[in-house]
Every structure is written in structure tokens, then in C-alpha cells.
Amino acid sequence: MWNELFPNVVWDKIWAATMETLYMTAISVIATFVLGILLGLLLFLTSKGNIWENRFINGVIASFVNIFRSIPFIILIILLIPFTKLVVGTILGANAALPALIIGAAPFYARMVEIALREIDKGVIEAAKAMGATTSTIIWKVLLPEALPALVSGITVTAIALVGYTAMAGVVGAGGLGNLAYLEGFQRNNNDVTFVATVLILIIVFIIQFIGDFVTSKIDKR
Amino acid sequence: MITLSNVTKVYKAASGNVTAVDHVNLHIEQGEIFGIIGYSGAGKSSLIRLLNGLEKPTSGEVIVDGKDMGKISGKQLRQARQQIGMIFQHFNLLWSRTVRENIAFPLEIAGVQKEERMKRVDELIQLVGLQGRENAYPSQLSGGQKQRVGIARALANNPKVLLCDEATSALDPQTTDSILDLLVDINKRLGLTIVLITHEMHVIRKICDRVAVMENGKIVEMGEVLHVFRKPEQPITKRFVQQVTEPEETKEAMLHLLERYPNGQVVQLTFVGEAAEQPLITQLIRQFDLYVNILQGKISQTHHGSYGVLFIHLDGANEEIERALAFIRQQEVEVEVLANVE
């Protein structure tokens, strides 16, 4: 019955493409999470009235974040081709998509991290200082735990955006479901392949959203 | 324990400099409960933050337990802060931690081993009366319970000084009283020096040994609470004292009475300590040919004795009234004749 409904779908290829999409998403989400928190923390800590208040550093990071957040992703991939070739050694395949995915998503997530940190009650930070906490204690034991629900819901949104980015990267040769839908589905006019690829991407997005919501509700004690 | 000499704190703002603390001199003894009262914007929050180095003085010296809080920084400052607990109006607990974990936080900062930490947390939970709520999160607690966690947390590292930043201002009257009782209990049991800032004279009356009144960054009046209650000098101090001695409607009622009794005198009597317990009115009626009409009265309990205010109306011959007033003055009772305002 499956073969009648989807005559052009090769299930092995679908499986391989799904794995590629999951691989690209997983690695880029992890890297974005780390890099975004780092940048977001720096943005927050160097902003006015905070521990490392520094207008210059804050300005530099803010412009970096704003520039990379504004470049459309499909253009970013092309701009980063020399960089990708240098780092990964090739511009084809799932690994070649990673630099662009991470550089495209980390600044976006960094802003969310900064907003999450700004939501923390200033009084709590003051209380920690009054107890004699070091800056690293404040970061690890106050800022990150207190902002955790917002950090998790932020990475959920970013992960879903990244699934979309992997599909775009697929069009320019990165593999995955986007690549499959474009090459096998669109260019050969096999609508059933495009349909299956779309459904799989939707399923991945729903699963990410479900996990994100579940974790957020578990850790939010407010 | 705490000495401030000539301390000034100026904030630079776009609209010009703001002097929050203006040449303040202050000495607070070990084991004392010292209150600083003032309206919002008087500079009292800046003042209390100078004591643990959250703010640095623009000029002057802040010495707490022998350390110059304006000068030290880095590790020295952090270690000094571990000896100074602080509680806040909005509690400032970590919502992501349970009661137990919140109280353990300053111990983690001080590097106390886990086993000892747990032991100390249990002691503190006993001390502030939070048994059974150890594993609750702050969002599951009432305001009073949250402040108890705040107090336990502030006491975790056995500090020598406890700073209270409007600690009861967000609480209802009953809860306020129970938190104040707890503070007095801790002060007695641990010999802790407590500095508190507030805008409620009720708090000062109930637990403080001495009080300083702040206005526009300056300390305008300072002294033993009972003394300040008996003889407030500055207009602002009088207003604060009235907060607890005179109900709101007193003034209105007095005007009404002055109108209704054009004959005789309306007199305000102020009793302090033992005088408050003498049968003065009975003596007045027996010894003088007067009609004595009690209009209004109130006795307040301070940390060091009671303090009462009584409004009476005396009617009779003028000479007789004068003699009666002279008699009252001999009894260590303050007398103020209220003139007919209109």
C-alpha cells in the first residue's frame, strides 16, 4: 500500500536523509547552546549597571550579534564558503553545513539569553553579592539556574529554526531532508517525495517542541 | 562595632549630582538593635548598602568590625561580607532552589563541606521555625515564611552584623510582629548587632534600642528610642512619633472638642515608663475642684518601657486649672496645653 501511495519514495534514502537532518540539527543545537550562552552572558555582564560594565566590549559583541542575526541564512551560507572550506575541508555534506548553521543561530540565541538574564530580579544578584559570592559563583549558581527555563524555551525555538536552516542548507548541497525534497522531489517533479520529507520535518519539529515544553515545565519552580 | 565618620555618597546623574548620604556620623555598639527611619528617598537604603560595601562612599570612612568597607575589595571584601548578613524587603530568594538549598547557598559560597552544611541548615531551620517546609520552593511559601528563609540564609555563616533593608515592609501587621519577635530573639540569643532601615515607626518602637531619623541624606535626630518618643525635636521626628502614638483621626477630634468646650483647657499628657502606671486622674479629681473628662488615650510598648499619651479636658476655675497643671508637672508627666486653633 505504501508503495502505491508513494511510488517514487525510496525508504532507505529517506531514512539516511532523516539521519543527516537529525545529525546537523543536534550538533548545531549543542554548539549554539554553548556559544549563545557565552555571548549572551557577555552581552549581559558588560551592559550598563552590571558586574563587568564595559561599553566598548558590549558594543563590539552587540554589533557582531546584530550583523550575523540580520544576514539572511541562504546568503550567509554562500558568504561562509571560504571559511567552511578552511575549517571542514569541503563545502559538501552534513558537516559542511555546520559552520553556517552555528554562526547563523548562535547570535540569535545570544539575544534570547541576554533577555532571559535581564529578566532575573536584580535583588537576587545583589543578595548573592552581599553574601560574598564571586562573579563565577554568581554566573553558575545564580544567573544560569535562575534563567534556566527561559534558556530552555529559547533553545527550543532556536532548534526549530535550525531544522528549517538545515533544509535550506540542503538545497546547496548539505544533504538531509531539505536536499532530498529539493533534488528528488522538486527537480524530478516527484511530489510524493517532497510530501514525505515535509511530514518528517514536521514530526521532528513537533518532537523538539514537545521535549522543550516538557523540560521547561519540569524545571520552572516559579 | 560600626563607625561611620563623615560619610558622603554622591550619585552622578544626567540631571546633576544627587547627594544620597550627606556627612553622616554614626556609631553602633555591638549587640545593639539600631533603627534608621526616614521616608523613601531619604538616603537610608544607600546608607545601609555602605555598611556591606554594596555601595562605596564618595568620601568618609565606613568601619564595620574593624574593616574599612570603603577601601577593601576582592577577596577581603567578600570575606568581610560573609560576616555581615542581609535581609531584604522582597526577600530575594533563589526561586530555583528549595528552602534548604537557599539557606545552604551562603555556606556553599563560604566553602563549607557538604556534611557540615546540611547540619548547619537543619539548625537554622529550627532557629527560624521552618520545620516541615525544608523542601518547599519559595513560590510555595507565604511572605512571612519567605522572610524566615531570608533570615536563616543571612545567619548561616554566623555573622556579627545583620542588616535589614525594609525587612517587614512587604508583610502584613501580624507577620511583621512575628518577624520582629524573631529578630529580637536572635539578637538576644546570638548577641548579634542588628541595623535596620524602615519607614514604619512601629518597627522602631517595637524592637530598637536606638534610632536615627534621616531626611535628605542627613541624620537629623538620633537617640534612645524612648527618649526620642518622649521629646521629639525635629518636625519630621514628631510626625514619625505620631504614627504610633496618635491615631489618624485625633487631630480632627481635638479640633471638634476645642470647639465644643470653649471653657476650660484641653491638655495632652505624655507618660513615660513608671509614670504611665500611676493613678494620676484619680489624684486630680480628688485634690482639685475640677471636672476631668478623658477624651482619648493610648499606651505604646517600646523595647525599653512603655510610653503613653492621654488627652483630657479640664473644666473649672482658671486658678484651679493652673494649680492642677503644676501638680501634674511634678509627677514626671509632660503636659502640653492645646490652644484653640481658630
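I looked up the salt bridges between chain B and chain A of this predicted model and found a count of two; the term asks for a side-chain nitrogen of Lys or Arg within 4 Å of a carboxyl oxygen of Asp or Glu. In one salt bridge, the side chain of Glu126(A) meets that of Arg49(B) at 2.5 Å, N to O.

I noted the conventions. Residues are numbered from 1 along each chain as its sequence is written, and chains are lettered from A in the order in which they are written. Local features need pLDDT of at least 70, side-chain atom pairs count only at pLDDT 80 or more, totals for chains, interfaces and linings use all residues, and side-chain values use heavy atoms, without hydrogens and water.

Next I checked the extent of the interface. I found 22 residues of chain B in contact (heavy atoms within 4.5 Å) with 22 residues of chain A. The two chains bury about 1900 Å² between them, 63% of it on carbon and sulfur atoms; this is the accessible area (1.4 Å probe) lost on putting the parts together, summed over both.

I then looked at the cores, sets of buried Ala, Val, Leu, Ile, Met, Phe, Trp, Tyr and Cys joined through side-chain atoms within 4.5 Å, where buried means under 20% relative accessible area (1.4 Å probe, protein chains only). The largest nonpolar core has 90 residues, and Leu143(A), Ile2(B), Leu4(B) and Leu51(B) have the most contacts inside it. I listed the residues that Leu51(B) touches beyond four places in sequence, among them Val62(B), Met69(B) and Leu163(B).

How values were computed:
Buried < 20%, exposed > 50% of the residue type's maximum accessible area, 1.4 Å probe, protein only.
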